[in-house]
Each structure stands twice: as C-alpha cells, then as structure tokens.
Amino acid sequence: MGVNFFNLKMKTYLLLIPIAFVFACSNISKNDKQKVDADSIKKVDYSPKNASCAKPIKDPNNPKPMALMMRMMADNADSMKVQLLRGEKLESSHYPFLRFYLLEPTDTSVLKLQFFENARLFQESYNNLFKNSNQKQMYNVVIGKCINCHEMYCNGPLKRIRKMFIDM
Ligand code: HEC
C-alpha cells in the first residue's frame with residue numbers, strides 16, 4: 001500500500017518534470033528569439049528595427065537610456081540654433097558633451113565599430129564647435145555628423161534633424 005502510493009507519487013512527479021520543462025522552455029525561447037533575431041540583423045542590415053528609430057517623435061513606451069539622451073541632444077541642438085540665430089556665442093559649459101554611446105540603446109545591434117567611429121567623429125566636431133570662430137558654420141558640421149550616423153543606424157529622426165541646419 002505504502003509502496004504503491006509512493007509509486008503513484010513518483011509517477012506524478014515524473015509526469016510533471018517534462019511539463020515543467022516545456023513551460024520553462026517556452027519562456028526562455030521568447031527572449032532567446034529576440035536575441036537571435038537581433039543577432040541575425042547585425043551582419044547585414046543597419047536599418048532601424050526598433051520602434052524608437054521608426055517613430056522617434058512619438059514616445060516609445062519604455063525609452064532606453066540612449067534614446068532619452070538623444071532627445072536631450074536634439075533639444076540642445078534646437079536651442080543652439082535659436083541662440084546662434086540671435087547672434088549669441090555658444091558656451092561649452094551650457095552644452096557639455098553627452099556620452100550617449102556609453103548608454104544602452106533600444107536595439108543593441110547598432111553597437112558596431114562603425115557606430116563608435118561615427119560617435120567619435122561627432123564628438124570631434126562637437127568639441128570644435130566651442131573653439132571655432134564661425135560657430136554657425138561649425139554647428140552645421142555637427143548636425144551633419146548627427147545625420148551621418150542616423151543614415152546608417154536610425155532613419156526615423158532624419159527629417160527632424162535635417163531641419164536643424166542653419167541656412168547660410
Ligand atoms: C553615432 C551615432 C549617432 C549620432 C552621432 C547621433 N545619433 Fe541620434 N540616435 C542614434 C541611435 C542609434 C538612436 C536610437 C537610440 C535608441 O533608440 O536607444 C538615436 C536616436 C535619436 C533620436 C530619437 C530619440 C527618441 O525619441 O527615441 C533623436 C531625435 C536623435 N537621435 C537626434 C540626434 C541628434 C540631433 C544628433 C546630433 C546632435 C544625433 N542624434 C546624433 C545614433 C546617433
């Protein structure tokens with residue numbers, strides 16, 4: 001009697017193991033699938049696969065730190081343009097360089113060598129902006145660097161960024 005009961009219990013457990021396994025796997029595979037998808041994009045396709053880049057102005061529900069910093073950069077560029085059009089001088093203390101490339105992006109597949117090279121070129125022109133005597137011209141160079149990177153990694157905001165140029 002005791003032995004039969006034990007067997008019954010064991011059978012139930014044995015039955016539960018594969019069921020638990022199936023559940024565990026279906027949970028994992030959801031996350032893994034996204035990772036695999038991101039991996040397969042990495043090699044060939046630089047175009048934006050994430051909501052943030054596709055619809056930059058409409059708030060994605062959970063913006064990643066890099067997206068949030070990009071919004072600050074865009075707001076800063078807008079206010080730089082206003083200042084320059086007023087004939088004011090831009091001070092670096094007002095616009096410290098934001099290290100966006102250290103932050104987590106919506107789509108981690110952008111974190112490629114070329115992305116960091118674009119970031120470096122952007123930072124170089126950004127630093128020059130505050131040393132340059134013709135800040136309007138240098139500001140346009142900076143906006144050009146925003147665009148260079150966005151043409152490769154994040155097309156959505158291009159329309160907004162192109163409007164940041166100052167007509168000379
Ligand atoms: C080195 C590449 C690179 C440079 C340079 C760059 N960006 Fe971005 N930008 C990105 C990437 C990648 C994203 C997507 C970030 C994310 O979704 O986490 C992004 C996102 C954005 C967004 C959308 C943010 C949102 O609401 O989701 C705006 C707007 C933006 N960038 C503006 C700018 C402006 C303006 C500049 C220049 C002053 C600039 N970017 C420079 C790569 C770059």
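User: Which element gives the largest share of the shell around the ligand?
Analyst: That's α3, with six residues. Helices here are DSSP runs of H or I with at least four residues, strands are E runs of at least two, and numbering goes from the N terminus. This is a predicted model: local features need pLDDT of at least 70, side-chain atom pairs count only at pLDDT 80 or more, and totals for chains, interfaces and linings use all residues. Residues are numbered from 1 along each chain as its sequence is written, and side-chain values use heavy atoms, with hydrogens and water left out.

User: What makes a residue part of that shell?
Analyst: One of its heavy atoms has to lie within 4 Å of the molecule. By that test 24 residues surround the ligand, and the closest are Met-70, Thr-106, Cys-146, Cys-149 and His-150.

User: How do you know which classes the shell around the ligand has?
Analyst: Ala, Val, Leu, Ile, Met, Phe, Trp, Tyr, Cys and Pro go down as nonpolar, Asp, Glu, Lys and Arg as charged, and the others, Gly among them, as polar. Sorted like that, the shell has 18 nonpolar, four polar and two charged residues.

User: What makes Met-70 and His-150 donors of the iron atom?
Analyst: A donor is an N, O or S atom within 2.8 Å of the metal (3.2 Å for Na, K and Ca); water is not among the atoms, so a site may look incomplete. SD of Met-70 and NE2 of His-150 lie 2.0 to 2.3 Å from the iron atom of the ligand, so both pass the cut-off.

User: And why is the site called octahedral?
Analyst: With six donors, opposite ones must be over 155 degrees apart and all others between 65 and 115. For four donors, the label is square planar under those angle limits, or tetrahedral if all angles lie between 85 and 135 degrees; anything else is irregular. The angles among the six donor atoms here run from 86 to 179 degrees, and the site comes out octahedral. Met-70 sits in helix α3 (residues 65–85) and His-150 in helix α5 (residues 135–153), so the pair ties together parts that are 80 residues apart in sequence.

User: Are those two residues buried or exposed?
Analyst: Buried means under 20% relative accessible area, exposed means over 50%, and partly exposed is in between (1.4 Å probe, protein chains only). His-150 has 10%, so it's buried. Met-70 has 25%, so it's partly exposed.

User: What does the secondary structure of the chain come to?
Analyst: Six helices and zero strands.

User: Why does Ser-125 count as buried?
Analyst: Its relative accessibility is 4%, so it falls under the buried limit. Ser-125 lies in helix α4. Leaving out residues up to four places away in sequence, Ser-125 touches Met-138, Val-141, Val-142 and Lys-145, where contact means heavy atoms within 4.5 Å.

User: What about Val-141: buried, exposed or in between?
Analyst: At 36%, Val-141 is partly exposed. Val-141 belongs to helix α5, and its C-alpha is 8.9 Å from that of Phe-165, 24 residues away in sequence.
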